[in-house]
Every structure is written in C-alpha cells, then in structure tokens.
Amino acid sequence: MSTHAENIAAASKALRQVSRVKPAEIVFWLAALATFFFLPDQYLLLNEVVITGLFAVSLDLVIGYGGIVSLGHAAFFGFGCYFAGLLTKFAVPDPILGLVLAGIATGALGFVTSFLVLRGSDLTRIMVTLSVGVLLGEIANRMPWLTGGADGLQGVAPGLLLGRFEFDIFGKIAYGYSLAVTFVLFVIARRFVFSPFGWSIRAVKQNALRTSAIGIPVNGRLVVVYTIAAAYAGIAGALLAQTTSFVSLDVLAFHRSADLLLVLIIGGTGYLYGGLIGALLFKLVQDTLANFTPEYWEFWIGLILVAIVMIGRDRITGLPMHLARRLRGASA
Amino acid sequence: MLTNLFDGVAYGMLLFVIACGLSVTLGLMNLINLAHGAFAMAGGYITVVLVNRVGVPFFAALPLAFILSAAIGLALERTLYVHVYKKTHLEQVMFSIGLVFMAMTAVSFVIGSEQKFITVPAFLDNRYEVFGVSMGAYRLLIIVVCGLLAGSLQYIIARTRFGSQLRAAVDDPTVARGLGINVDLVFAATFAVGSGLAGLGGALGANLLGLDPTFPVKYMVYFLIVVAVGGSAGMTGPLVAAILLGIADVSGKYYLPQFGSFIIYVFMIVVLLWRPQGLFAKVGGR
C-alpha cells in the first residue's frame, strides 16, 4: 500500500521527468544557432521561418494546450505588426522597447477578445475568431491615413539594436535578433507549460467539467493562456515589421491564419517544438513550390492539407517514433 | 427604402439556397465544412462556361448547374468526406480549407482570376414599378425560385419519408441503422443535394455576388452566419437568418457605406455571445 506522501512524491517525480530538458532539445537549439553562422545567404528565409515558428508556438498555446480551435490568429499577428510598425515609425525607434510595447498591447487585445471565445462550441469559436480577424483586416483597410491601406506601411526604420547594431540589408542582425527573441520566448513558454499552472490548463483541455470540479477556474485559465498567446503572436508580428521595415494588409489576411494551422498540423500540436519544426518544413515547401509554380502553389498546400487529414495526423507525427522503435528493435 | 428591402430579400434568399445544404451538413451532421462555398463557385463557373462559351440557354443551364454540382458533391462525399465525419473539428477545418485552396487555384488556373459575368436573357434586365417599389426582374426571379425551393425543402424534411429518415440518421446513426435505414446513403444523398443547391445558388447569384476565384473565402463567413444564427431546427431558422442577413447587409452598405461589412460581423459576434446555439435553436435539443 502506497501512502499519500509516496503518491505525491511519485507524481512530482513523473512530472519533473517530463519537464526535464532532453538532449534532443539542446541539439535542436545548437542546430538553430549553427544556421546563424553557416547559412549567411539564407538569412531572409530563415528570418521568416523563425518568425512563423514563434507565431505557430503562440497558436500551439491556444490549440494544443488551451484546446480552442482558432481560425483568426492572424488578428494578433497583424495587430502586433501594425502596432510595432507605427510605433517605430512615429514614436519609439528602439526595437526592443517597441517589441515589449507591441507584446503588451497585443496581449491587452487578446485579453479583451478572450471573453468572446469562452462560450460555445468549436463552431462558435471558429466563427468568432474568424470574424475578429476579418474585422481587424477591414479596419486596417479602411484607415489608410494610419495604416497606408492597400499600399502598406512603408519606411519602418528601427533604430540601433541594443544601441550598437544596425539592421543590415543582408538580414544578419535581423535574423540574429529574431532568433534570440524566439529562443527567449520559447524558454519562457516551456517554463510556463510545465509549471503547475500550465498542467492545469492541459487539464482544462482534457475535461473542463472535471477540472472545474477539482476547483480550477476553467474560464480564468483559458483567459490567461489566450492572452499570453496573443502577446506572443503580437511579438512575432512586431519582429516581422521591424526586420522587414514594411507592413502590408497581408499580415491580417485569412490565408495567414489558415497557413498557420497547416504549420502547426505539420509539426504537431501540444509540445511547442511542433510550431518551430512545422514552420521550417512549411517554409521550405512553400519556397520550393513558389519557385516551381509562382501563381498556383496554394493548390499544393491545399493538397497537403487534405492528404494529412486523410492519412491521419497521428500516423504522420508518429512515424519517426515508429521508425526509431523499429530500428532499435532490429538492432537489439 | 422599399427597394432596398426588396434587394435585401433577394440577396438573403440567395444566401439561403446556397447555405441550406450547409445547415444540414454542419448544423445537423456536425461536420465543419468550410468548403461549402466552393460548390457554389463550381455552380457559378459551370453556368458561365455553359452559357457564355457553349451557348446553352440560361434557363437550361440552371438545372445543369444543379446536377453537375450535386455530382461533384456526391463524388467528393463518397471518396473524401465520408472519412472525415468522425474526425475532430480541427481536422475537419484543415481538410475543408485544403479543399478551398485547391478549388480556388484550380479555377484561376483553368478559367482565370478575373471576375466573370453570366449573359442572362435580356428580359431579366427589366425593372417593374409596383407601388413605388422598383423591382428588377432578375431579383424577382431569384426570389420566386428560391422561395419555391425553400418551401419544398421544408416539406421534404418535415413531411416525407426521406426527411424523417434523415432526421433519424442525424439524431442517432446507430439506432437508425438498426431500424434498417441506410444511413450512408441518406448522408450521401443529403450531401449531394446540398452541394447541388449551393451550385444552383451560385449560378443564380453569380452576377449579384460577383464570381471570381476568391468566392469561397469571401462568402465563407456569410454562409456560416446563416447556419450559426439560424440554428439547425428545420429550415425556417436558416431562412429567416439569411433574409435578415441579406437585408442588413444591403441596407448597411447603402446607408452606412463607411462601415461596410462591419455591421454584419459585429451583429454575428453579438448574437453568438448572446445565444451560442443560434437564434432559433430548439431548446434542449442537440
């Protein structure tokens, strides 16, 4: 018979084991760092990959942890993008301060809109998030005096990074900056999801009724995770505005939310790395397809989406594990 | 004023005919199918090709648009959708967005990305003045056709043997199978008819709604509103919702052009917050 204290000890040991930093994670980030030194001609693409990755991590917090199917996550990305762009252009040229302010502002927007997604079924949530996204796009489109409308917001020129480094045309500083910000935010997100608070959010996703029965405020947890995710998406958008010196209406477009879902599905939900891996694969595929058929690459993206659902996500994300097990079995 | 109302009703009727298939698949069968607009687009382009290139008369092209869209719907249901009914909502969203992307690019590849118009018979350009209301013949035609369709749909679902089989299959597929209802067949037929009606609506509405490859995304929210606001208890809810939506959108764009489509989205968010199951949902039902 195990005692109560033993049970608690076993449970906390198991939790600590799950949250331990694994060797593969260290290898992953070392490889990311290596790209900064060894792939100088790919900085622009890599910068996009990292920003999309951070954006996807944000969506993973909403879908993979919070269990809220969102089809309008670009709203936060675009908001952060415009906010940082305008801030840099008219008020605060310092990139890091701009990033923080954009994160706070987008987080505030996320907090306010989070109350819209608490109620209702998946369909209601999909429609509400979709509508918020379309609404923001309309607003940006209708305020050309502020946002530049269809021409986009041009001349976003951030100041020196940390007062020392100037953003160069090769994108070296830009990529280093995005990578560093993404790494820091990723570490924070990782701490967050493995904290007791983070576990309680996963409990909400698995069974909201039971979770509320053991005394965890379900809606409060969802508000928090949605707000944090919005801030992350806003920071990702701000990175894009600062590193490309340009904001277009495209950042709020529907296809951006849809593409992001694909990124997350390719990488897998609910373990944070899925966003980063998915972003890398997605951008590589997109780049290849866009070179191959500049106008019609979306067709193949659509085909991939359909194929993934038809084959089954578990079978795809489980494939590496399955192969690893087969190899280990064969060698033993 | 009344003319706006008339236009709004015509527009709403059109939305209803396109979306009523969705209100069955999504509202009753609980399948999140964001690709429904693609069937409407298919119907529109089929008519464009038939009327403008082949020279089929407009009124002969309409039934063909229905049949061909229904055939496309049936083929997709049997090969793809049938595997998606049981999947999670997230996967249904992904799947149907994928279909939308494919449909959009396929159309702009085959036909081109510019807006298309259907050449309609000249008498449909007439306008009639009745008690000071200026009514376009084309919109009158839409109202008549869509009104007849709405009535017969309500009759089929509420009164016929097929309608009760459908309702049984939706409520509890297992028991329905046990009673000897061929659930797969019922679903497939429903899906095909829904797609066909969407295609017919797309064909009728091509000149009114604007037909280009972005059609499925542009009107996705509208179709979803009809279903979400209208609820899924019968055809009356979606019909009322669609007409309200049509009137609100037309008069909103006319009287408050600076707000454009804001009104619609804000209205929908408010309704969904107020009654997440839709305005006309049956109390206590699924």
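What percentage of the 286 residues of chain B count as buried? In this predicted model, the share of buried residues in chain B is 47%. The model as a whole scores ipTM 0.80 and pTM 0.83.

**Confidence**
- Chain B has a mean pLDDT of 83, with 93% of its residues reaching 70 or more.
- Within chain B, helix H3 (residues 58-79) has the highest confidence, at 90, and strand S1 (residues 127-130) the lowest, at a mean of 71.

**Chain A**
- Chain A contains 16 helices and zero strands.
- The radius of gyration of chain A is 21 Å, close to the 20 Å that the globule rule gives for 332 residues, so chain A is as compact as a globular protein of that length.
- The C-alpha trace of chain A spans about 70 × 50 × 45 Å along its principal axes.
- Of the 332 residues in chain A, 44% are buried.
- When contacts in chain A between residues at least 6 apart in sequence are considered, 77% of them join residues at least 24 apart.

**Chain B**
- Chain B has 12 helices and two strands, and its elements run α-α-α-α-β-β-α-α-α-α-α-α-α-α from the N terminus on.
- A compact globule of 286 residues would have a radius of gyration near 19 Å, and the 19 Å of chain B agrees with this.
- Along the principal axes, the C-alpha trace of chain B extends over about 55 × 45 × 35 Å.
- Residues 24 or more positions apart provide 78% of the contacts in chain B that have a separation of 6 or more.

**Contact between the chains**
- The contact involves 34 residues from chain A and 33 residues from chain B.
- On the chain B side, helix H4 (89-110), helix H10 (220-230) and helix H12 (262-274) each supply at least two residues.
- H4(B) gives the largest share of the side of chain B that touches chain A, with 15 residues.
- By residue class, the side of chain B that touches chain A consists of 25 nonpolar, six polar and two charged residues.

**Nonpolar core**
- The largest nonpolar core has 186 residues, of which Phe16(B) and Val226(B) touch the most other members.
- Helix H11 (residues 218-244) of chain A gives the most to this core, namely 15 residues.
- Beyond its neighbours within four places in sequence, Val226(B) is in contact with Leu15(B), Phe16(B), Ala19(B), Ser23(B), Pro238(B), Ala241(B), Ala242(B) and Leu245(B).

**Helix H8 of chain B**
- Helix H8 (residues 183-209) of chain B bends by about 40° at Ala203(B).
- Of the 27 residues of H8(B), 19 are buried, so H8(B) is largely enclosed by the rest of the structure.
- Gly210(B) follows H8(B) and has a positive phi, near 90°.

**Ala74 of chain A**
- Ala74(A) lies in helix H4 (residues 74-90) of chain A.
- Ala74(A) counts as buried because it has 31 C-beta neighbours inside 10 Å, where the cut-off for burial is 20 or more.
- Leaving out residues up to four places away in sequence, Ala74(A) touches Gly133(A), Val251(A), Leu252(A), Ala253(A), Arg256(A) and Ser257(A).

Notes. Residues numbered from 1 in each chain as written. Chains lettered and ligands numbered in written order. Predicted model: local features only at pLDDT ≥ 70, side-chain atom pairs only at ≥ 80, totals over all residues. Helix = DSSP H or I, 4+ residues; strand = E, 2+ residues; numbered from the N terminus. Rg over C-alpha atoms; globule rule 2.2 N^0.38 Å. Buried ≥ 20, exposed ≤ 12 C-beta atoms within 10 Å, placed from the backbone. Contact = placed C-beta atoms within 7 Å. Nonpolar A, V, L, I, M, F, W, Y, C, P; charged D, E, K, R; others polar. pLDDT = per-residue confidence, 0-100. Core = buried A, V, L, I, M, F, W, Y, C linked by C-beta atoms within 7 Å. Bend = angle between axes of the 7 residues up to and from the residue.
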